[in-house]
Amino acid sequence: MGTAVNLAATYIFLPTHSPSITLPKQYNPICSSQKFSKISSYSKFKNPISVINASTASASTEKREVLLPLEVSEINEKCKKWVWKGYTINYFVYPGGNNDSSNPPLLLIHGFGASIAHWRRNIPTLAQSYTVYAIDLLGFGASDKPAGFAYSMEVWAEMILDFLDEIVQRPAILMGNSVGSLACVIAAAESTRTLVRGLVLLNCAGGMNNKAIVDDWRIKLLLPLLWFVDFLLKQKGIASYLFDRVRQSLRNILSSVYGNKDNVDEGLVDIIKKPAEDEGALDAFVSIVTGPPGPNPMQLIPKINLPVLVLWGDQDPFTPIDGPVGKYFSSLPSRLPNVNLFLLEGVGHCPHDDRPDLVHENLLPWLANLPAS
């Protein structure tokens, strides 16, 4: 049993994990920047995929001022509280006060295990031209973690829409990472209140957990293990042991999903680790990993006519570009005129924190060229 528990612990930190296996070049949707340049010059499509690396971005970022990240202590001090359905939700707005800018506000949605502070490297740059909101999803960060709550993607999407309606009170751009991206997609697909102006998706998840990606043969091979993990996590003592193993291994786990290892520092580890020590964090962890995966982005994206920017780190071991979700998103620019995709070379699962310069290089021009409301 001990060996099985240890093995299970390696599969449950980020629930959208799909093992990355390198495909032969002729089957890869994108092989290299050199090969892509040759292909794209003959492309008949309006918005082909672009491959971005550090040298590509450096020329145009030389004149842009590099702003220091916000201190986590400053974020914590300036956070506000919003009561949603009886639960206290933590959020942040920057710059503070009313912003008369005609630009749409941005709402940032973190991924699994993260929180508002995961956007500390992005908020100062984005706030130069936009009012930036960020929120801790229910079950994460400093938001409530109610005991016995049944977490779902639909609950988070509903929370996002209600936050836009009650707090932001203007149509906004939703920007999310991992399961945060998927929550944004669901919110945009379900919104009937013109609350969403556009979507920015960073390595979008295929579901709340692994069970969503059943059409990948690699996941099918792992399904017996995933079902066994679900069984183990429903045993309180085993779940607590596995959760502790994850918390103790955070630096190694984060290093495996970041291309830029320099950004895997103690500050990042603390951002992930401290909320995981809260009462209710274990219940949230178990509910998310063992719960229903929720709606599939492949079913929802065709329903969305809003502008969509997809930024994808090509070194992501959890939602790899050669996996079913990555392949789907990489196919969109040739089929949907509202979707643009940039593949970020040498970047992992969390592009905004891994290589914020590459994200800003592609995000800011896209925001600036959005059609007026």
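To begin with, which residue in β6 is the bridge partner of Leu108?

Author: Happy to! The bridge partner of Leu108 in β6 is Met175. A word on conventions: this is a predicted model, in which local features need pLDDT of at least 70 and side-chain atom pairs count only at pLDDT 80 or more, while totals for chains, interfaces and linings use all residues. Residues are numbered from 1 along each chain as its sequence is written, and side-chain values use heavy atoms, leaving out hydrogens and water.

Strands β4 (residues 106-109) and β6 (residues 172-177) run parallel and are joined by four bridges. Strands (E, at least two residues) and helices (H or I, at least four) are DSSP runs numbered from the N terminus, and two strands pair if DSSP finds at least two bridges between them. The open sheet is built from nine strands with mixed pairing, in the order β1-β9-β8-β7-β6-β4-β5-β3-β2. Its edges are β1 (50-52) and β2 (80-84); each has a single partner strand, so one side of each lacks a neighbour in the sheet. From one strand to the next, the twist averages 25 degrees.

Lying across β1, β4, β6, β7 (196-202), β8 (308-313) and β9 (339-344) is helix α16 (residues 356-368), at about 170 degrees to β8. Such angles run from 0 to 180 degrees between N-to-C directions, with axes fitted to C-alpha atoms, for helices over the stretch in contact; contact means heavy atoms within 4.5 Å.

Now for the packing. Leu199, leaving aside neighbours within four places in sequence, is in contact with residues including Leu174, Val308, Leu309 and Trp366. The largest nonpolar core has 70 residues, and Leu199 is listed with Trp156, Leu201 and Phe329 as having the most contacts inside it. A nonpolar core is a set of buried Ala, Val, Leu, Ile, Met, Phe, Trp, Tyr and Cys residues joined through side-chain atoms within 4.5 Å; buried means under 20% relative accessible area (exposed is over 50%, partly exposed in between; 1.4 Å probe, protein chains only).

Finally, Ser181 sits in helix α7 (residues 179-190) and counts as buried because its relative accessibility is 0%. Beyond four places in sequence, Ser181 touches Gly176, Val200, Leu201, Leu202 and Cys204. A polar atom of the Ser181 side chain lies 3.1 Å from the backbone nitrogen of Leu202.

Key
Polar contact = N/O pair within 3.5 Å; in protein donor to acceptor, adjacent residues only side chain to side chain.
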